[in-house]
Amino acid sequence: MNKRTRLVVLLAVLALCFAFLWPSINWYGKTPKEVQQLALGSTENIKSYAEIEAASDVREIKAAVSANPDAALDSKFNWINKEVAKRFKEQGKKVSEPYSAKNVVSAFESELDILSVIQTHYREDILKAKHYYENSVKLGLDLSGGMNVIVHADLDAAVAVQGDSLDSKDVAEFKKDAMENAIENLSSRIDKFGLTSPVIRQQGEDHIYIEIPGAAQADAINTLIVGKGILNFRLVDMAATEAFKSYYKANPASTFNASGELMDSSVIPADCEVFGVYTKDEYGLDERYDWLVVKKEIALDGKHIQSAQVQADEFTNMPEVAFHLDLEGTKIFADFTTAHVGDYLAIVSDNKVKSNAKINSAITAGNVSLSGGFSYEEANNIKKVLQTAWLTVPLEVESQQVIGASLGEEAIRQGKMAIALGLVLILVFMLLFYKASGINAVVAQVLNLYMMFSILSAFNYTLSLSSVAGMILTVGMAVDANVLVFERIKEELRAGKTRAAAISLGFDNAFWAIMDSNITTFIAAIFLSQLGSGSIKGFAVSLAIGVVSSVFTALFVSRLIFDFSTDVLHAKKVSIGWGIKQ
């Protein structure tokens with residue numbers, strides 16, 4: 001490979017590394033702390049934030065129009081001018097800038113239209129930051145702070161609750177379903193608390209491991225873990241629902257306050273509540289897509305459900321959800337459905353409507369079927385909701401470890417100091433022993449760290465203290481390759497070779513010695529990464545990445561620097577040590 005090709009390859013690698021690092025640069029360097037906190041929240045919280053901020057902005061715009069319709073809006077609304085210009089162009093109107101408050105409002109069809117545009121603006125800003133986070137280097141709990149919890153699920157107690165209704169041969173399957181349901185419930189509860197993508201996984205047969213980044217409050221988290229979800233059935237007031245939707249469409253910015261409460265409680269009947277209707281989004285999280293007004297009185301408590309399953313309708317072969325009630329629940333449900341044939345019944349879980357079905361006939365046998373053109377995924381989601389009522393698994397927090405953000409910041413500071421100190425000491429050592437050639441080694445080490453962070457960012461690795469330790473070790477090990485090359489070059493110079501010949505032979509003769517030592521280290525790192533876990537795996541991964549990048553910088557970059565001095569700067573001698581006569 002000639003020198004020009006090597007230069008092109010190096011520039012391409014550096015550019016690719018920069019592209020990999022760009023999300024991390026944006027997240028850690030350009031994203032404000034308050035935006036980071038919002039982006040680290042759940043998608044539901046981001047949506048709620050956008051709705052609250054948009055409602056406030058719409059009220060401000062309406063107030064500005066009332067006060068002085070010909071005046072320009074506050075400068076914080078300058079971003080909306082592009083959308084206003086687009087709307088006027090579509091409408092065939094010619095309105096010159098700057099737009100007045102009256103012009104801005106007239107560009108939209110309704111208040112709901114303005115609200116939707118502003119919501120999208122806020123939501124996209126936060127989701128853009130969230131995208132940067134998802135594609136950046138993550139900080140582990142030991143660096144960012146947070147907590148990890150190990151929860152014991154008492155499956156035997158859950159089996160005992162079922163009593164004789166559970167056949168002994170079905171116990172294993174029941175425990176499996178119970179654990180899946182417990183994990184599903186925990187994911188929903190913890191995400192509702194406003195945390196992003198918590199790590200929740202089964203550990204062994206009856207333990208659940210939870211890892212929560214950020215400054216979560218231990219007491220609040222424990223309450224969420226041990227607490228039980230509330231599931232019940234409520235009668236839907238369809239007339240009140242339609243009236244509420246009409247009111248919300250006309251007054252989207254003034255329907256709810258910042259806490260999500262109705263600003264005017266008279267818009268629905270006194271014996272009713274308004275809840276969001278939710279479905280699962282692409283990430284498996286609850287997403288509201290509609291509103292429903294339901295009676296405050298509970299028609300049937302979820303505790304009466306004994307089992308739930310997805311089956312195919314015998315006539316249409318479409319998926320449906322079937323569940324069975326106990327004796328008390330059967331009587332309550334029979335009386336209720338007899339009195340409300342033709343009405344709608346909602347399944348409410350944790351104040352969220354998960355399903356809304358019409359009562360076609362009185363249900364007196366205790367076997368209930370929910371149908372309505374469900375897909376199998378939708379049917380399974382409803383089944384999981386129903387399971388929260390009967391697959392009750394007692395949960396107990398066995399251990400928890402809280403790591404304060406201040407400890408993480410101190411660890412990051414110490415890690416930075418260790419890397420910087422390592423580079424400085426290497427620089428001093430290399431300059432003392434190898435004079436100007438030592439600069440090559442230091443440049444190679446800087447690029448080595450740059451490439452390591454880029455690869456970590458590209459694969460969305462989590463950086464922990466052990467990973468930092470692996471990087472620091474790599475900095476120390478990587479200079480060995482330069483030492484081997486430099487000593488070989490010195491031998492060739494002592495033999496009377498010219499600069500170009502000494503450099504070429506020095507790199508060629510040192511190549512296999514460098515490769516042998518680094519390949520063995522790489523093999524050890526690979527085995528550690530596959531067989532180890534936790535901090536051991538983090539150390540091994542960063543070490544493996546460091547080995548690859550250090551070989552590249554020592555053999556490729558360092559040689560390119562030598563060749564540049566030879567061919568471009570026309571250097572005749574090599575400043576590479578004491579007592580070398582050239």
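**Exercise 1. Is strand β11 enclosed or open, and why?**

Start by counting: of the 7 residues in strand β11 (residues 352-358), 5 are buried, so the strand is largely enclosed by the rest of the structure. Buried here means under 20% relative accessible area, while exposed means over 50% and partly exposed covers what lies in between (1.4 Å probe, protein chains only). Strands (E, at least two residues) and helices (H or I, at least four) are DSSP runs, numbered from the N terminus.

A quick word on what you're looking at: this is a predicted model, where local features need pLDDT of at least 70, side-chain atom pairs count only at pLDDT 80 or more, and totals for chains, interfaces and linings use all residues. Residues are numbered from 1 along each chain as its sequence is written, and side-chain values use heavy atoms, with hydrogens and water left out.

**Exercise 2. Find out which strands β10 is joined to, and by how many bridges**.

Step 1: look towards β11. Strand β10 (residues 344-349) runs antiparallel to β11, with 6 bridges between them. Two strands pair if DSSP finds at least two bridges between them.

Step 2: pick out residue partners. V348 has V353 of β11 as its bridge partner, and S349 sits opposite K352 in β11.

Step 3: check the turn. The β10 and β11 hairpin has 2 residues between the strands, and D350 takes a positive phi near 50 degrees there.

Step 4: look towards β5. Strand β5 (residues 231-236) is also antiparallel to β10 and joined to it by 6 bridges; V236 stands opposite Y344.

Step 5: check burial. In β10, 5 of the 6 residues are buried, so this strand is largely enclosed by the rest of the structure.

**Exercise 3. Work out the strand order of the open sheet that holds β9**.

Step 1: write down the order. The open sheet of 3 strands reads β8-β9-β12, with antiparallel pairing.

Step 2: find the edges. These are β8 (305-312) and β12 (367-370), each pairing on one side only.

Step 3: get the angle. On average, neighbouring strands of this sheet are turned by 25 degrees against each other, direction ignored. Axes are lines fitted to C-alpha atoms, for helices over the stretch in contact, and angles run from 0 to 180 degrees between N-to-C directions.

Step 4: zoom in. Strand β9 (residues 319-325) pairs with β12 in the antiparallel sense over 4 bridges, and V321 stands opposite L370 in β12.

**Exercise 4. Which elements give two or more residues to the largest nonpolar core?**

Step 1: size it up. The largest nonpolar core has 36 residues, and V485, F486 and I489 have the most contacts inside it. Such a core is a set of buried Ala, Val, Leu, Ile, Met, Phe, Trp, Tyr and Cys residues joined through side-chain atoms within 4.5 Å.

Step 2: name the elements. They are α14 (405-434), α15 (437-458), α16 (465-494), α17 (499-531) and α18 (535-567). Helix α16 brings the largest share, 9 residues.

Step 3: follow one residue. Leaving aside residues up to four places away in sequence, I489 touches A502, I503, G506, F507, F562 and I576. Contact means heavy atoms within 4.5 Å.

Step 4: look elsewhere. A second, separate core has 22 residues, including F336, A357, A379 and V385.

**Exercise 5. How are the rings of F18 and W22 placed?**

Step 1: set the rule. Rings of Phe, Tyr and Trp (its six-membered ring) pair if their centres lie within 6.5 Å; planes under 30 degrees apart are stacked, over 60 edge-to-face, and the rest tilted. By this rule there are 18 aromatic pairs.

Step 2: apply it. F18 and W22 are 5.7 Å apart centre to centre with 40 degrees between the planes, a tilted pair.
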